Every structure is written in C-alpha cells, then in structure tokens.
Amino acid sequence: MTELPPLLRDQRAIDAQHLKLLSIFHFVAAGFALMGIAFLGFHFAMMHTFFSDPAMWAGHRQQPPPPEFLAMFRWFYLVFGTWFFASGILNVISGLCLRRRTHRTFSLIVSGLNCLHMPLGTVLGIFTIIVLMRDSVLEVYQT
C-alpha cells in the first residue's frame with residue numbers, strides 16, 4: 001500500500017480564517033446583548049403594568065404587592081441592563097480589534113467576560129482564548 005503524502009497546511013490562512021470568524025461572532029454576541037436589553041425593557045413594561053394597575057387586582061382576594069417590590073426589580077433591571085450594554089460595547093470593540101489584529105490582551109479579557117454568558121458566550125470565550133493563545137496568532141499580532 002502506498003501512503004498519501006501529508007497535506008500541507010498554511011497555518012497563516014487558517015489563523016486568518018479563525019480570526020475573521022471570531023470577529024463576526026463577537027459582533028453577533030453584541031447583537032445578543034442588544035436583544036437582552038430589548039427583552040429587559042419589554043419585561044419591565046409588563047411588570048410595571050401588572051404591578052401598577054389597580055384594576056388588575058380588583059377582582060382578586062390578594063392585595064397588589066407593595067411598591068418596594070417593583071423598586072427592587074428596578075435595581076435588577078438597572079444592573080442587568082448595564083451588564084448587557086457594557087457587554088455589547090466591549091464585544092463590538094473586541095470584534096473590531098480582532099478584525100484589525102490589534103489589542104490582543106483586550107480581546108482576551110473580553111473573551112473571559114464572555115465566558116459568563118452561558119452557554120453561547122462561554123463557547124465564544126473559550127474558542128477566542130484558544131485561538132489567541134496560539135504561537136502563530138501571537139506572531140500575527142506582533143507584526
């Protein structure tokens with residue numbers, strides 16, 4: 001039997017393709033963050049309508065929840081809205097940096113933060129770390 005010769009791989013082309021895909025996926029992650037903000041706005045509007053409308057509670061034996069309950073939820077919306085906004089901005093900047101092959105450390109930090117967004121952000125963060133830690137990618141960033 002004859003063995004086939006090993007395939008030649010151009011690691012630079014593979015790295016360029018991986019960096020391009022990671023850049024696109026960082027923009028997609030920013031879009032998901034924007035969708036998260038929209039969902040929080042919709043959820044707040046529904047909760048505000050539900051808890052603030054006395055006619056909604058007229059036919060029930062229970063009393064409406066106290067106003068402090070909605071105030072507690074406002075903090076929840078503020079914290080998560082800020083988190084989604086910051087995550088979206090950081091992912092856009094990281095996507096641009098990946099596209100230009102600059103600020104590798106910044107992209108590594110953003111990929112670590114993306115790991116907190118389960119499950120898709122975790123996958124994106126791990127693959128970004130794997131690709132950016134390659135020696136061949138490090139050479140691309142140094143030139």
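Contact here means that heavy atoms lie within 4.5 Å of each other. In this predicted model, Asn114 is in contact, leaving aside its neighbours within four places in sequence, with His26, Ser87, Asn91, Gly121, Thr122, Leu124 and Gly125. Asn114 itself lies in helix H3, and because buried means under 20% relative accessible area, its relative accessibility of 3% places Asn114 among the buried residues.

**Nonpolar cores**

- The largest nonpolar core is made of 10 residues, namely Leu19, Leu22, Ala29, Leu98, Leu108, Leu124, Val131, Leu132, Val137 and Tyr141.
- Two or more residues of this core come from each of helix H1 (11–52), helix H4 (120–132) and helix H5 (135–142).
- Val137, a member of the largest core, touches Asp15, Leu19, Val131 and Leu132 when residues up to four places away in sequence are not counted.
- As general background, nonpolar side chains in soluble globular proteins tend to be buried together.

**Packing of H1 against H4**

- The axes of H1 and H4 are 11 Å apart and the two helices pack at an angle of about 150 degrees; since angles over 145 degrees count as roughly antiparallel, H1 and H4 are therefore described as roughly antiparallel to each other.
- The crossing of H1 and H4 is left-handed, and the contact is made on the H1 side by His18, Leu19, Leu22, Phe25, His26, Ala29 and Phe32, and on the H4 side by Leu120, Leu124, Phe127, Thr128, Val131 and Leu132.
- By class, the residues in the contact of H1 with H4 divide into 10 nonpolar and three polar, with no charged residue.

**Packing of H2 against H3**

- Helix H2 (residues 67–100) packs against helix H3 (residues 104–114) at an angle of about 140 degrees, with the two axes 9 Å apart, and H2 and H3 are therefore oblique to each other.
- H2 passes H3 in a left-handed crossing, in which H2 contributes Trp83, Ser87, Leu90, Asn91, Ile93, Ser94, Cys97 and Leu98 to the contact, while H3 contributes Phe106, Ser107, Val110, Leu113 and Asn114.
- The contact of H2 with H3 has eight nonpolar and five polar residues, and no charged ones.
- Asn114, which is part of this contact on the H3 side, has Ser87 and Asn91 among its contacts, and also His26.

**Backbone features in the loops**

- Arg101 is placed in the loop between H2 and H3, where it has a positive phi of about 60 degrees although it is not a glycine; Arg101 is partly exposed, with a relative accessible area of 22%.
- His103 is also found in the loop between H2 and H3, and although it is not a glycine, it has a positive phi of about 55 degrees; because exposed means over 50% relative accessible area, His103 counts as exposed at 54%.
- In the loop between H3 and H4 lies Pro119, which is joined to Met118 by a cis peptide bond with an omega of about -10 degrees.

Note on methods:
Residues numbered from 1 in each chain as written. Predicted model: local features only at pLDDT ≥ 70, side-chain atom pairs only at ≥ 80, totals over all residues. Heavy atoms only, no water. Core = buried A, V, L, I, M, F, W, Y, C linked by side-chain atoms within 4.5 Å. Buried < 20%, exposed > 50% of the residue type's maximum accessible area, 1.4 Å probe, protein only. Helix = DSSP H or I, 4+ residues; strand = E, 2+ residues; numbered from the N terminus. Axes fitted to C-alpha atoms, helices over the stretch in contact; angles between N-to-C directions. Parallel < 35°, antiparallel > 145°, perpendicular 65-115°, else oblique. Left-handed = near helix turned anticlockwise from the far one by under 90°. Nonpolar A, V, L, I, M, F, W, Y, C, P; charged D, E, K, R; others polar.
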